[in-house]
Amino acid sequence: MASNKFTQFSNIICILYVIYMLFSSPLVIAENTTIEIPPKNVNLETYIVHVNLPTGRVLADSDGLKSLYASFLPTTTTTADNVSSRLVHSYRNVGTGFAAKLSPEEVKEMEKKDGFIFARPQKKLPLHTTHTPSFLGLHQNLGFWRGSNYGEGVIIGVLDTGIAPGHPSFDDKDMPPPPAKWKGKCEFNSSACNNKLIGARNFVSGPTELPVDDEGHGTHTASTAAGNFVQGANVFGMANGTAVGMAPRAHLAVYKVCSEDGCAEADILAAMDAAIEDGVHVLSLSLGGGSADFFADGIAIGAFAAIQKGIFVSCSAGNSGPFNASLSNEAPWILTVGASTVDRRIVATAILGNINMDGYDGQSLFQPSDFSSDKYLPLVDSGANGNGTAGICGPGSLDNIDVKGKIVLCERGGGIARIAKGQTVKDAGGAAMILMNDELDAYITIADAHVLPATHVSYDAGEKIRAYISSTSTPTATILFQGTDIGYPMDPIVASFSSRGPSLASPGILKPDIIGPGVSILAAWPVSVDNYTNEKATFNMISGTSMSCPHLSGIAALLKSAHPDWSPAAIKSAIMTTAAQVNVGGGPIDDERYLPADIFALGAGHVNPPSANDPGLVYDLQPEDYIPYLCGLGYTDTEIQAIVQKPVSCSNITSIPEAQLNYPSFSVELGPDKKTYTRTVTNVGVANSTYSLEIIEAKGVDIGVTPDTLSFDEVNQKMSYEISFRKSATPVNAAFVQGAIVWRSAKRAVRSPISVKLV
């Protein structure tokens, strides 16, 4: 009996305790729904929440929307201070909804509310790299990076504007000493160079100076190729992660050949000469001029001397796209690198004042936290009065236009830097800038360190914004800064500025060879661009084929480390024949217009480092193999001697047409007569392997290959095949057509792109 009374008493106590907890614990009351507030130690995540407006309710002002959105939040956040801490963004024109810091439990309860549509966690930047290594399939302690030991033992020579020697990207943690073959020197004091930065020399003509980087370009390219791991790399807090080059255990030798006045060809040749003597394995040159005969091209001459010593040479294709025949560095013994985007954006959305218009996503590296996206400002088109200079926001062009406190629409181009346009707006009192592309640049936008709140939008978006301005007497806009976003399925896209083929110096060689990351690339910088004067780990984000070139230089170093017996031509072949043909989403790689990129923009395709490490077959070449090709170009004996550095008599040599060179791609001029060429491949895969032929037809051309099967018994065994081209019976109305052949085994695909000029 006593036991039963005790049990009843205990039950009463439990009930009272439960009632006490129900009324004393924090609750969220939203109409008839209760949402329990998580303990303070629960991590809140930012969710994007989409909702419907109440039936028949029109909210014309941002305060009304914010009040509505606050009603979906836990009730303890409905005070102004707490709403601000939870409500990250209130959307108006990009959709009805908001971003808020919530727990999964709160979101689950929110789903019960009337008007709720759906919520999802925002995409966040993972803490990995400046993103391009992982985008290219390079992962720490896994796969190709691990198999190549991160490029250990390879020396990359970088010809550029010098280097910032004290930057953490050039720290020598975990770096072994340089190879015994290294004979270079460091012109800095002994503490500035180390096992990472093993050499630094200045070749700029004029007063003798140290090879210090006053421009930033050289520091950026060197760290892209072989920078060491630096955690917490970012600019303005954007693209936060671990910065690392393509070959983080490779050594760097830097040769300063450029100043603010440019890069003198004589200085370049002197530096290449020294680099060959010093013992580098890879040369990286993010510079070049226009098309020229190879005997009149200092880089081509220096590069030929390099390959004679087994040194791989990677060069930028140039930034003169999207025009055809705009290439630099066209020699077939050079890897010519075009530029592409990566699947990362630093998002800044232009939102217009008319509620029927969606926002237009653009990019900006500078994302000020004190810019209120809820406040709509007057919007003006700088070129509305027909002043072309004002339209492109040239220096001083806005002085007589009322832009004070307004958002100014500027057009890209006119030879004026994108950031300089923002400075013009700022100097005239403008509050912010929307930078629209010109028609040529189409959809390619760039994340720049702007000097004021800004977003860089596409040409299509700019035209729609311009039309909106013309449609109303009181246009307004704001900019919503959304930070770093990753996972765009259309990437890579060929950059609008990336120079295109066909080659003028040698039309029978398909150029560019390859494309790689070159848009909004984060890498080391000599000084802080966000004015943190005490910060040593300073970075910047810039774009150009100058950025894609060192990516390929670093990848070549990885291949050299993994396969030290491969020639420069074999490394190039491995890169080209394994190149990717599709984007992240599985579709064709597009150009800046969102149209499938052609062969003169893509070359062989987008670099795919893990596949390049195991290509199966390679198209190899030795330096002497280029001499019959040079004779076939019609060069004189003296001109060829200037390139190959030994006497040549073309009358005693059987010259070959350009397309006969044992190159991994084909560029053929086809008239009424059939053309036939020979290729030889070397088996660098497994000993017993068979490859079957696949032909991807070029319209209007019949392609024949004999034999159609290649069977190997040994590693390093060579086999040859003949390929013929003939116009088909059904003509096509095109100057150029393209196709490919692919040799396929059970595990490998060896692809050679084909360009045919119909004459």
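Predicted model: local features only at pLDDT ≥ 70, side-chain atom pairs only at ≥ 80, totals over all residues.

Visitor: What makes helix 8 roughly parallel to helix 9?

Guide: Their axes cross at roughly 5°. Angles under 35 degrees count as roughly parallel, so helix 8 (residues 265-278) is roughly parallel to helix 9 (residues 298-308). The two axes come within 9 Å.

Visitor: Which residues make the contact?

Guide: From helix 8 come Glu265, Ile268, Leu269, Met272 and Ile276, while helix 9 brings Gly298, Ile299, Gly302, Ala303, Ala305 and Ala306. By kind, these residues of the contact divide into eight nonpolar, two polar and one charged.

Visitor: Why is the pair of glutamate 152 and arginine 249 called a salt bridge?

Guide: The closest N and O atoms of glutamate 152 and arginine 249 are 2.6 Å apart. A salt bridge needs a side-chain nitrogen of Lys or Arg within 4 Å of a carboxyl oxygen of Asp or Glu, so the pair qualifies. The whole structure holds 20 salt bridges.

Visitor: Where in the chain do these two partners sit?

Guide: In distant parts, 97 residues apart. Glutamate 152 belongs to the loop between helix 6 (143-147) and strand 7 (155-160), and arginine 249 to the loop between strand 10 (238-243) and strand 11 (251-256).

Visitor: How do you know that arginine 345 lies over the face of tyrosine 488?

Guide: Arginine 345 is at 4.6 Å from the ring centre of tyrosine 488. The cut-off for a charge over a ring is 6 Å from the centre, along with a place within 35 degrees of the ring normal.

Visitor: What links Phe294, Phe295, Phe304, Trp333, Tyr626 and Tyr635 into a cluster?

Guide: Ring pairs do. Rings pair if their centres lie within 6.5 Å, and by this rule the count comes to 20 aromatic pairs.

Visitor: Which peptide bonds are cis, and what are their omega values?

Guide: One joins glycine 501 and proline 502, with omega about 5°. Another runs from lysine 511 to proline 512, with omega near 0°. Proline 502 lies in the loop between strand 23 (476-486) and strand 24 (514-517), and proline 512 is also in the loop between strand 23 and strand 24.

Visitor: What is the phi of aspartate 174?

Guide: Aspartate 174 has a positive phi of about 65°, although it is not a glycine. Look for aspartate 174 in the loop between strand 7 and strand 8 (197-202).

Key:
Residues numbered from 1 in each chain as written. Heavy atoms only, no water. Phe/Tyr/Trp six-rings, centres within 6.5 Å; stacked < 30°, edge-to-face > 60°. Axes fitted to C-alpha atoms, helices over the stretch in contact; angles between N-to-C directions. Helix = DSSP H or I, 4+ residues; strand = E, 2+ residues; numbered from the N terminus. Parallel < 35°, antiparallel > 145°, perpendicular 65-115°, else oblique. Contact = heavy atoms within 4.5 Å. Nonpolar A, V, L, I, M, F, W, Y, C, P; charged D, E, K, R; others polar.
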